[in-house]
Amino acid sequence: MSARWLLLAASVLALQGCGRSDPGLDQTGAGKPPLPDQQQTLLPPMKIAKPAGWGDAVPTAPKGFKVTALATDLKVPRQMLVLPNGDILVAEGAGGAQAPKVRPKDIIAGYIKAQGKTKVKGGNRITLLRDADGDGRAEVKETLIEGLNAPYGLAFVDGQLYVANQDALLRFPFQPGQTKVTAKGVEVTKLPSRINHHWTKSLVASADGTKLYVGIGSNSNVGERGLDVEEDRATVWEIDRLTGAHRPLAQGIRNPTALAIEPTTNALWAVVNERDELGPQLVPDYLTAVRDGAFYGWPYSYWGQNVDPRVHPQKPDMVAKATIPDYALGSHVAALGVSFARDGGFGGDFREGVFVGQHGSWNRQDLSGYKVVWIPFAGGRPNGKPVDFVTGFLDGQKARGRPVGVAFDPAKRILLIADDLANTVWRIAPVR
Amino acid sequence: MSISRRTGATPLHPLHAILLAFPLALFPSGLASDIAYLKSAFVQWTNFAAWLIAGGCFFGGLVLAWAIVAAVFPGRTTRGRALAYLAAVAVMFVAGLVNSFQHSHDGWSSVGSPGLILSIVSTVAALVAGAIGYSEQRIEGIAR
């Protein structure tokens, strides 16, 4: 028995143990998606798409649409907001840096995942883009607010611009048309920021403007930092806009990375990133209406009552009351953007429904996501399978870009996509 | 008739002996941390175990390299003894390496039964390696 033989055996075991995806398995749509058996392999399946850059290429949109780079050279653009006058705000930043690396794995996995990200440092600012002549290039690109702390979610209500930093919700007096805000932000409320494993704070205002909803991600993959640091995490807060008073609207919702109001029912919807390292096709990320008082299972279970064995002690009573999400997006696609079509959308097949930006996978061999899909709705509910709307973010096994936030502007009938790998905002418009 | 003579010398070079001291301390400490985690479900224990086992693997890897060289060039040590030592070190290292991956899992899966068994294997193998490596050797004299 030689050491070399043992090493070989160990590496073969590790590689074989990675787990393979079944390419025929469709884990999208309404209803329960197929959920394969859990595979906790020695090494998780990992595939990072290395950055390739766009060169002269642009994302691929359906026939009849034109794609232009509205703005380039941004500093990690994440979420966007279209203002009443058509100006576009872009939140630029990257947070979570203070999350302590407590195990050798945290250092190694962090290094590996960084291979698929931009080297540009987050701008910690809001940039204003204006394309008044409608040629698809922003002729005005101004830093509206700087010195922020990993801003992400944006909302504008009643002369106030709301910015969700990674640690607090701020408001700034603001009138559309302004290209510079010099007033200091006023803190509406602090947001949970201890550790900040999932640092993004998504934000949307209710249809009547009285409430602000903030999505707050979990502080771990599945509770491995201890459940005491999960107080106020994996939740959506409902915040009174004027007083800052808040309450948890929903819980056990692992990482609600983007929120939007469905225009026909005024219901709150979220895209949510589910847990990793249970296999290449577990657990599907989802799109769901956020029900008041609902518990979505994290960390104890997923997609209803499927128990996660990694959580100890287990909580059968919590598993029993876990709500099943509305719509599966596929495993590890990393949905980070959601925006409903309004006022007839693009017409045709893209009249009523929602655009979902998928940042793309790391926890499966077959790269998944890396695109913007369209999910048709009818009567305020999903009505059919997702359709690829904007693709071309992958070039073989490399990534030209990675979509994050999406924003549909009903006035101009354009879709905007923030690309945090190419540091670009893409504009998709029908050819006239 | 055979003559044996106690030399009083251990077979390990002093630096090699120092390197072996690390896995000999770290793997049993990792086992103790694993047991503490399984008893308490308090995550800091599995975090400790992950670092202890990683440290055991780092120094254990150096010890393994040295043990391979020592098995090829046994010097004053008998080859059988050198091979037995190598086997113990190899089992310790490989079990530790697999266990490092096991400990990279999240929550309860970072230890569980596989992690505990691997920690026991590494610990026992480290103790065997230590028992062989640190014991005085007898040089067998000329037989007959």
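Predicted model: local features only at pLDDT ≥ 70, side-chain atom pairs only at ≥ 80, totals over all residues.

Trainee: Ok. How many residues of chain A are in contact with chain B?

Mentor: On the chain A side there are 25, in contact with 22 residues of chain B. The elements of chain A giving two or more residues to that side are α1 (3–16) and α2 (104–114).

Trainee: Which of them gives the most?

Mentor: That is α1(A), with five residues.

Trainee: And what is that side of chain A like by class?

Mentor: It has 14 nonpolar, five polar and six charged residues.

Trainee: Switching to α3 of chain B. How far does the helix reach?

Mentor: α3(B) covers residues 79–102, and its 24 residues reach 34 Å from first C-alpha to last, close to the 34 Å expected at 1.5 Å a residue.

Trainee: Why is α3(B) described as largely enclosed?

Mentor: Because 18 of its 24 residues are buried, the rest of the structure largely encloses α3(B).

Trainee: Now the strands. What does β9 of chain A pair with?

Mentor: β9(A) pairs with β8(A), residues 153–157, in the antiparallel sense over five bridges. Five bridges also join β9(A) to β10(A), residues 168–173, again antiparallel.

Trainee: Which residues stand opposite each other?

Mentor: V157(A) is opposite Q160(A) of β9(A), and L161(A) has F172(A) in β10(A) as its bridge partner.

Trainee: How many residues sit between the strands of each hairpin?

Mentor: Two between β8(A) and β9(A), where D158(A) takes a positive phi near 50°. The hairpin of β9(A) and β10(A) has three.

Trainee: Is β9(A) buried or exposed?

Mentor: Four of its five residues, in the run 160–164, are buried, so β9(A) is largely enclosed by the rest of the structure.

Note on methods. Residues numbered from 1 in each chain as written. Chains lettered and ligands numbered in written order. Contact = placed C-beta atoms within 7 Å. Nonpolar A, V, L, I, M, F, W, Y, C, P; charged D, E, K, R; others polar. Expected span 1.5 Å × (residues − 1). Buried ≥ 20, exposed ≤ 12 C-beta atoms within 10 Å, placed from the backbone. Pairing = 2+ DSSP bridges.
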